[in-house]
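Please consult the sequence and the structure shown below alongside the text.

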Amino acid sequence: MSRINIKRAIVLLVSGKAEPLTHTEEKGWQVRSPSVVFDVPKQIRLTFSGNERLWNVPPVNRREVLRRDRYTCQYCGSTKNLTLDHVIPRSKGGKHSWDNVVTACERCNSRKGDRTPVQAGMPLRTQPKAPMHPVVTFAEQFWREQQQENLE
């Protein structure tokens, strides 16, 4: 389920990619043009499923890595002067992949240098991994909150 704006709803209804849900009693909106009056329901359901609905893992780039690591250095926890660091340096065969790139402040990045975290004595706060599908992330957060409530 998601919210969309009324323009998108009209396009989906007109193109046949969505249908109105009839089990609700609420009236929708009337959209008027010079020649047509179009009733837009408050709730619609998609009737198609195609490749355009698939979620792909985003490419490894600065913005996505910073977002994944919550804009904090993965070595010291700083939030200032952030850069990207390859856990296993590229000169030692490390790849530019989600499992090998983390956020690091300039100080930690230069201190680590061309070494692995073990060699530099700088353990990572969290293990790097590719971002998950937004629905999976939401479900995990929901279950964590439910477990917290059950413990209290």
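## Second largest pocket

In this predicted model, 21 residues line the second largest pocket, and those lying nearest its centre are R68, R70, K129, M132 and T137. The volume of this pocket is about 660 Å³.

Two helices, α2 (62-68) and α5, each contribute at least two residues to the lining of the second largest pocket. Helix α5 gives the most, with 5 residues. Sorted by class, the lining of the second largest pocket comprises 8 charged, 7 nonpolar and 6 polar residues.

Helix α5 spans residues 134-151 and includes F138. This helix also supplies 5 residues to the lining of the second largest pocket.

F138 belongs to a nonpolar patch on the surface, which it forms with F142 and W143. Together, these three residues have about 370 Å² of accessible area. Is F138 buried or exposed? The relative accessible area of F138 is 56%, and F138 is therefore classed as exposed, the cut-off for that class being over 50%.

## Largest pocket

The largest pocket holds about 800 Å³ of space. Its lining consists of 22 residues; M1, S2, R3, I4 and I44 are the ones nearest the pocket centre.

Which elements each supply at least two residues of the lining of the largest pocket? They are helix α1 (6-14) and strand β4 (44-46). The top contributor is α1, with 4 residues. In terms of class, 12 residues of the lining of the largest pocket are nonpolar, 7 are charged and 3 are polar.

E19 lies in strand β1, which covers residues 18-20. With a relative accessible area of 28%, E19 is partly exposed; this class applies because the value falls between the limits of 20% for buried and 50% for exposed.

E19 may also be considered together with Q119. These two residues are separated by 100 residues in sequence. In space, the C-alpha to C-alpha distance between E19 and Q119 is 59 Å.

Methods
Residues numbered from 1 in each chain as written. Predicted model: local features only at pLDDT ≥ 70, side-chain atom pairs only at ≥ 80, totals over all residues. Heavy atoms only, no water. Patch = residues over 30% accessible without salt bridge, like charges linked within 9 Å, V, L, I, M, F, W, Y side chains within 5 Å. Areas by Shrake-Rupley, 256 points an atom, 1.4 Å probe, with all protein chains shown as cover. Salt bridge = Lys/Arg side-chain N within 4 Å of Asp/Glu carboxyl O. Buried < 20%, exposed > 50% of the residue type's maximum accessible area, 1.4 Å probe, protein only. 1 Å grid on protein atoms, 1.4 Å probe; cavity = no way out; pocket = protein on both sides within 12 Å on 5 of 7 lines; lining within 4 Å. Points joined across faces, edges and corners; volume = space filled by probe spheres on them. Nonpolar A, V, L, I, M, F, W, Y, C, P; charged D, E, K, R; others polar.
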